[in-house]
Amino acid sequence: MERVVVFTGLPGTGKSTLAEEVGRRAGVPVFAGDWLLGAIVPHGVLTGVERPRLLAMFYDLLGTLVTRQLMLGQSAIVDAVVDDVQAERWERTAVQYGAEFRLIECVCRDEAVHRERLEGRRRGIPGWHEVGWNHVERMRAEFPGVTREHLTIDAMDPLAENVESVCRSIGVLE
């Protein structure tokens, strides 16, 4: 059965790493919001765009990719910070196409480790910048976490265990 799996969480909590590994194991494409923005920003089309409009475009672009996958009878994984409203939108899309929906929230219970991980990472996304701790704090205020049903994964746990936990949760068997 097709599924839409959304990985959410603050920057630096391991959602991209986890989404990519689960995507590799499941043979499912991973659509990452930062990669979309990295492709768009150099063209200047976002200059002066107010945040609500930017977020609407961002989520609609990701939603279009998810919808297209489902129209092809294929699953999709999304790597983006979302709230309950956005998760609900993508769940409705999944249900419309007869697919399952799973929401995975990535956290890091140790703030010092979280900050160290964030400040030490270099993702190398063309056209996109690395974010600092001030960005995490802004995102925490803007996206306080999801309250709807979801699986919580803690970046303090070993990556292999987290991957296995997610794979079991979404029905991907080794």
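## Helix packing and nonpolar cores

In this predicted model, Gly33, Asp34, Leu36, Leu37 and Ile40 of helix α2 meet Leu54, Phe58, Leu61, Leu62 and Leu65 of helix α3. Contact means heavy atoms within 4.5 Å. By class, this contact has eight nonpolar, one polar and one charged residues. Here Ala, Val, Leu, Ile, Met, Phe, Trp, Tyr, Cys and Pro count as nonpolar, Asp, Glu, Lys and Arg as charged, and the others, Gly among them, as polar.

Local features need pLDDT of at least 70, side-chain atom pairs count only at pLDDT 80 or more, and totals for chains, interfaces and linings use all residues. Residues are numbered from 1 along each chain, and side-chain values use heavy atoms, without hydrogens and water.

The axes of α2 (residues 33-40) and α3 (residues 51-71) lie 10 Å apart, at an angle of about 115°. The two helices are therefore roughly perpendicular (65 to 115 degrees). Their crossing is right-handed.

Two nonpolar cores follow. A core is a set of buried Ala, Val, Leu, Ile, Met, Phe, Trp, Tyr and Cys residues joined through side-chain atoms within 4.5 Å. Buried means under 20% relative accessible area (1.4 Å probe, protein chains only).

| Core | Size | Members include |
|---|---|---|
| Largest nonpolar core | 30 residues | Val6, Val82, Trp90, Phe101 |
| Another core, apart from it | 15 residues | Val5, Val22, Val28, Val166 |

In the largest core, Val6, Val82, Trp90 and Phe101 touch the most other members. Helix α3 gives the largest share, six residues. Val6 touches Val78, Val82, Trp90, Phe101, Arg102, Leu103 and Ile104, not counting residues up to four places away in sequence.

Note on methods:
Axes are lines fitted to C-alpha atoms, for helices over the stretch in contact, and angles run from 0 to 180 degrees between N-to-C directions. Helices (H or I, at least four residues) and strands (E, at least two) are DSSP runs, numbered from the N terminus. Angles under 35 degrees count as roughly parallel, over 145 as roughly antiparallel, 65 to 115 as roughly perpendicular and the rest as oblique. A crossing is left-handed if the near helix is turned anticlockwise from the far one by less than a right angle, and right-handed if clockwise. Buried means under 20% relative accessible area, exposed over 50%, partly exposed in between (1.4 Å probe, protein chains only).
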